[in-house]
Amino acid sequence: MLIGRYFHNIDAKGRVSMPAKFRDDLGGRFVLSCGRGQCLQVYSVEEWTKFETELLALKGREANILKQFFFSNSTECEIDAQGRVLLPADYRNYAGVKREVAFIGMSDHVEIWDKSAWDAQTAKPEFTPQGIEELMENLGL
């Protein structure tokens with residue numbers, strides 16, 4: 001299960017240690033994609049296949065834009081012997097990733113945020129106890 005949050009630093013070559021808890025669930029190979037908002041997304045091959053199937057089923061101009069975006073901004077990755085993954089420079093630029101990153105478990109995938117962007121995200125009113133309570137009520141949870 002891909003849950004929790006972990007913080008790691010990127011080295012000079014753009015490599016970052018994948019949290020051990022996530023490594024087990026993602027397997028040795030996975031898909032890295034530019035994500036929604038200001039983050040990268042990491043999918044196990046199995047979860048990527050599900051997402052890909054949903055994308056391919058969409059029709060129309062907007063669907064084509066999403067397909068072009070996700071398929072052109074995704075790549076297969078492997079974890080090296082030291083448990084690290086290379087975040088390509090163009091992907092780091094997309095997400096504004098500098099030195100410290102936040103790995104955020106989203107159950108079926110992982111988001112990778114620049115730590116300062118994640119801190120800004122969680123400083124929003126929606127992330128307060130009252131904000132979470134309101135969201136849960138609005139969604140019927």
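Biologist: Hi! What share of the 141 residues in the protein chain is buried?

Modeller: Buried residues come to 38% of the 141. Buried means under 20% relative accessible area, exposed means over 50%, and partly exposed lies in between, with a 1.4 Å probe and protein chains only. This is a predicted model, where local features need pLDDT of at least 70, side-chain atom pairs count only at pLDDT 80 or more, and totals for chains, interfaces and linings use all residues. Residues are numbered from 1 along each chain as its sequence is written, and side-chain values use heavy atoms, with hydrogens and water left out.

Biologist: Good to know. Which secondary structure elements does the protein chain have?

Modeller: Six helices and eight strands. From the N terminus on, they run β-β-α-β-β-α-α-β-β-α-β-β-α-α. Both kinds are DSSP runs numbered from the N terminus: helices are H or I with at least four residues, strands are E with at least two.

Biologist: What about contacts between residues 24 or more positions apart?

Modeller: They account for 60% of the contacts with a separation of 6 or more. A contact here means heavy atoms within 4.5 Å.

Biologist: New topic, cysteines. How many disulfides are there?

Modeller: Taking a disulfide as a pair of cysteine sulfur atoms within 2.5 Å, the count is zero. Cys-34 is in no disulfide, and its nearest cysteine sulfur, that of Cys-39, is 9.4 Å away.

Biologist: Is Cys-34 buried or exposed?

Modeller: Cys-34 counts as buried because its relative accessibility is 2%. Cys-39 is buried too, with a relative accessible area of 1%.

Biologist: Where is Ser-107 found?

Modeller: In the loop between β7 (100-105) and β8 (110-114). Ser-107 has 47% relative accessibility, so it counts as partly exposed.
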